Amino acid sequence: MTVIFRGSTELILDDIFLALPDLAPGREVFLKLESMNPAGSIKMKTALALIDDLEASGALRPGIRVIESSSGNLGVALAVVCAARGYDLTIVADPNATPEAVALMRAFGATVEIVTTTDDSGGYLGSRIDHIKRALAATPHLVWPNQYGNPANPLGHQRTTAPAIFKELGHVDALFVGVGTSGTLRGCLDHIRSINAPTEVFAVDTVGSVTFGESPRPRYIPGIGTSRRPELFQEIQDSDDFHRLLVDERDAVRECRYMARRHGLLIGGSTGSVLAAARRVCGSLDEGARIAAISPDSGEKYLGSIFRDTWVAERYY
């Protein structure tokens with residue numbers, strides 16, 4: 001059957017899963033692969049939701065430039081959407097953004113500005129947002145989607161990512177989700193509540209992130225983890241609807257390399273963290289449990305970092 005799409009932003013693939021029988025013997029584990037979407041990550045759905053919201057409100061129209069903070073994947077996804085719809089885009093990134101991600105943003109026509117000053121927590125997120133606020137004050141015809149606090153972010157995943165999991169897998173006993181902006185987590189939680197599913201949700205963050213209230217530490221892998229708690233998480237920080245799991249970046253690296261050499265699949269750092277958390281927990285779940293884990297992106301953008309021996313040795317050993 002031939003399927004013809006009218007634009008790259010229509011190419012959302014929400015039905016691709018990889019079974020991982022060796023991760024937790026006696027349980028069914030399925031990795032939801034988001035790398036097949038345009039822009040190569042789950043952030044394509046976030047970017048579409050944010051731009052659709054701005055257009056619907058009238059805040060975004062011809063002649064308006066979009067500005068957003070991103071460590072990588074959302075910047076690439078926004079660059080794809082803005083290119084397809086004819087908007088100029090500025091992405092504010094930092095030194096942890098991989099050269100491959102920055103090159104992709106620029107390839108799609110985005111302007112990339114790198115912030116090198118750390119914030120009070122030793123990270124860059126606060127500095128990136130301060131940079132955006134100064135730009136908004138100084139520059140007319142500029143709009144900020146604000147992926148960290150915009151309800152359109154989780155709403156996009158409530159309408160796409162979460163329903164797709166239950167449509168394809170049916171009953172799901174446990175779901176593992178990486179936490180960055182908290183948009184995917186919020187969207188999945190909202191959908192699970194709406195269908196009254198008895199699914200246990202495990203939110204996965206990285207050691208050194210402040211999202212779960214832990215002390216900040218240097219982090220080197222973009223994706224999950226923040227140096228400033230996102231507004232979207234602040235609204236659910238006291239919720240008991242999900243479990244909180246922290247993963248050391250070294251364990252994420254090991255998982256990424258294992259998946260490449262055992263399964264022939266390149267995964268990014270966020271996926272490595274999610275799988276490390278799942279490997280730690282799934283053995284304690286009931287025999288026969290059906291488990292889903294969300295893989296936000298692939299590993300091509302991390303060939304110079306996670307998959308390079310000297311980069312790993314310099315930071316972790």
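Predicted model: local features only at pLDDT ≥ 70, side-chain atom pairs only at ≥ 80, totals over all residues.
## Annotated domain

UniProt places a feature at residues 20-297. The record names it "domain: Tryptophan synthase beta chain-like PALP" and comes from an unreviewed entry. In the model, that span is 41% helix and 17% strand. Its end C-alpha atoms lie 17 Å apart.

## The largest pocket

Rolling a probe the size of a water molecule over the atoms shows where empty space is left. The largest pocket has a volume of about 740 Å³. It is lined by 50 residues. Closest to its centre are Ser71, Pro222, Gly223, Ile224 and Gly225.

α7 gives the most, with three residues. By class, the lining of the largest pocket holds 25 polar, 19 nonpolar and six charged residues.

## The second largest pocket

The second largest pocket holds about 220 Å³ of space. Its lining is made of Lys45, Leu48, Ala49, Asp52, Asp53, Ala152, Leu155, Gly156, Arg159 and Thr160. Two elements, α1 and α5 (152-159), each give two or more residues to it. α1 gives the most, with five.

Charged residues number four in the lining of the second largest pocket, nonpolar residues also four, and polar residues two. Asp52 is part of this lining. The C-alpha atom of Asp52 is separated by 16 Å from that of Gly149, and the two residues are 97 apart along the chain.

## The enclosed cavity

How many cavities of 30 Å³ or more does the structure hold? There is one. The largest cavity has about 50 Å³ of space. Thr206, Ile221, Pro222, Ile224, Glu249, Ala252, Gly269, Ser270 and Ser273 line it.

Pro222 and Ile224 line this cavity, and they are also among the residues closest to the centre of the largest pocket. The elements that give two or more residues to the cavity lining are α9 (249-263) and α10 (269-281). α10 gives the most, with three. The cavity lining divides into four nonpolar, four polar and one charged residue.

## Helix α10

α10 has 13 residues. From first C-alpha to last it reaches 19 Å, close to the 18 Å expected at 1.5 Å a residue. Of its 13 residues, 11 are buried, so α10 is largely enclosed by the rest of the structure.

The buried residues run through Gly269, Ser270, Thr271, Gly272, Ser273, Val274, Leu275, Ala276, Ala277 and Ala278, with Val281 as well. Among them, Gly269, Ser270 and Ser273 also line the largest cavity. An α-helix has 3.6 residues a turn, so residues three or four places apart point the same way.

## Cysteines

How many disulfides does the model contain? The count is zero. Take Cys256: the closest cysteine sulfur is in Cys282, 17 Å from the sulfur of Cys256.

Is Cys256 buried or exposed? Cys256 counts as buried, at 0% relative accessibility. Cys82 is buried as well, with a relative accessible area of 2%.

## Loop residues

Most residues other than glycine have a negative phi. Ala39 has a positive phi of about 75°, although it is not a glycine. Ala39 is in the loop between β2 (28-33) and α1. Its relative accessibility is 18%, so Ala39 counts as buried under the 20% cut-off.

Asn196 also has a positive phi, near 55°. Asn196 sits in the loop between α7 and β8 (200-206). At 67% relative accessibility, Asn196 counts as exposed. Gly149 lies in the loop between β6 (142-143) and α5. With 22% relative accessibility, Gly149 counts as partly exposed.

Note on methods:
Residues numbered from 1 in each chain as written. Heavy atoms only, no water. Disulfide = S-S within 2.5 Å. Buried < 20%, exposed > 50% of the residue type's maximum accessible area, 1.4 Å probe, protein only. 1 Å grid on protein atoms, 1.4 Å probe; cavity = no way out; pocket = protein on both sides within 12 Å on 5 of 7 lines; lining within 4 Å. Points joined across faces, edges and corners; volume = space filled by probe spheres on them. Helix = DSSP H or I, 4+ residues; strand = E, 2+ residues; numbered from the N terminus. Nonpolar A, V, L, I, M, F, W, Y, C, P; charged D, E, K, R; others polar. UniProt positions renumbered as here; feature names shortened; annotations may be inferred. Expected span 1.5 Å × (residues − 1).
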